[in-house]
Amino acid sequence: MPELDPKKQRDFALDVVRRLREAGFEAYWAGGCVRDCLLERAPKDYDVATNARPPAILEVFRHRRTLEIGAAFGVVAVVGPRPAGTVEVTTFRHDVQYSDGRRPDAVVFTTAQEDARRRDFTINGLFYDPLVADPEHRVIDYVGGIADLRKRVVRAIGDPKARFSEDKLRLLRAVRMASTFDFAIDEHTQAAISEFAPLVTTVSAERISQEMRQMLVHLNRARAVEVLRETGLLEAILPESAPSGAPAGVESTPRENRWRHVLLMLSRLSQPSFPLALAALLEAIESPGEPAGKQVETLCRRWRLSNTDTERTRGLAERRRALRAACSMPWPRLQRLLISEGIEELIALHEADALAAGDDLAHVARCRELLELPADELNPPPLVSGDDLIRHGIRAGKQFKLLLEQIRDAQLEGQVGTTHEGLQLAERLLAQAAGEGV
């Protein structure tokens, strides 16, 4: 996907508004791009709201490529020059009933004021007129969004229960925005989130995991998880995190200690990938009687994560204790860990764990020091292969894997230095095994 140029994006979004105005229509920037501009953040994309109906939008931009991605809902995408991306142009509308708790059954085209009131949160319900010369009159606010931006509050527009009843994904979006912008959630809005939290699973697993991905890779991931837990959303999407084994209304101290540790771990991670942050979060649901890999598989299936994300998260969860003894671990065993896929993330997980617990970081420093070794020292080519064993007259069988591991250990420990010496060791090991009746 080509990289977008923020200036060209803005210029193209301005041009879209200008062309609609020249054609006699009302048009403004709308939603998240307005919020981001007022927060002095570069918008990821731009949306335009207008009183032009889809056929009129298509006519205005007939010389550009357009996509009728939701014409029945008044949405037409106008494709700009490659670095400028795409601008979604939406007709002012009022949504009619949400039978599936996610999307409106139908829409009625209406005014800018009605369009603002059907949106989710006040800070997303603002319009911006980029063609007005006076900056004081560029923002059009029908819902109190300016005041909430100043107070740093995420507040549902109108009745929060009505907004969440319409679209359950808004429950997660509220938490993500509050944590991303470091805003508070309005008291009534948060109460409604807690009330509707059990219904969040009506949202598709893919959308849930997308929201969680954005929260967990963000700098404020620990706060996001904390609010998810406080509102009951985490328990709904991650039932394993629910309190257990304690009297009603009382959570066990060990469990709370573990949660505090996990929140500290999340805060100590530096620009983690989604699998790394997820592995840290899953520390909170560790069950002694169930393998970590199985727990990861269960969650990843529930959230419909990709095979790549699943494998990376599972690898980290299964090896989350593997490097703690790095300073005293035999070199062959440590070497195999250090050359394994994802070792940098595994070290980062151990570092966050140690920092959260206030433990010594010697094992982390040791691993990073060893990773600086020359490649032929850290991971020298094996002296003996399976083909070498066969050519030497050793029949293929279940002993091959163990023989190769023992020869490799001896090589890494400096006990053998040539293929010949490795094959001699194989003979001695086989003779020893035969003498012991193995």
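In the hairpin of β3 and β4, Gly74 takes a positive phi near 80°. Four residues lie between the two strands of this hairpin.

**The hairpin**

Strand β3 covers residues 66–70, and strand β4 covers residues 75–79. The two pair in the antiparallel sense. Three bridges make up the pairing. Which residue of β4 is the bridge partner of Leu67? That partner is Ala77. In a regular strand, side chains alternate between the two faces of the sheet.

Most residues other than glycine have a negative phi. Two exceptions can be described here. Arg152 is not a glycine, yet its phi is positive, at about 60°. Asp182 is likewise a residue other than glycine, and its phi is a positive value near 60°.

Where do these two residues sit? Arg152 is found in the loop between α5 (145–151) and β10 (153–154). Asp182 is found in the loop between α7 (169–181) and β11 (184–185).

**Cysteines**

How many disulfides does the structure hold? It holds zero. Cys33 is in no disulfide. Its nearest cysteine sulfur is that of Cys37, 6.0 Å away. Cys33 counts as buried, at 3% relative accessibility.

Cys367 is in no disulfide either. The nearest cysteine sulfur belongs to Cys327 and is 7.6 Å away. Cys367 also counts as buried, with a relative accessibility of 1%.

**Confidence**

The mean pLDDT of the chain is 90. Of its residues, 92% reach 70 or more. One stretch stands apart: over residues 245–249 the pLDDT is below 50. How many contacts does this stretch have beyond near neighbours in sequence? It has two in the model. Where pLDDT is low, the predicted coordinates should not be read in detail.

Definitions and conventions:
Residues numbered from 1 in each chain as written. Heavy atoms only, no water. Pairing = 2+ DSSP bridges. pLDDT = per-residue confidence, 0-100. Contact = heavy atoms within 4.5 Å. Disulfide = S-S within 2.5 Å. Buried < 20%, exposed > 50% of the residue type's maximum accessible area, 1.4 Å probe, protein only.
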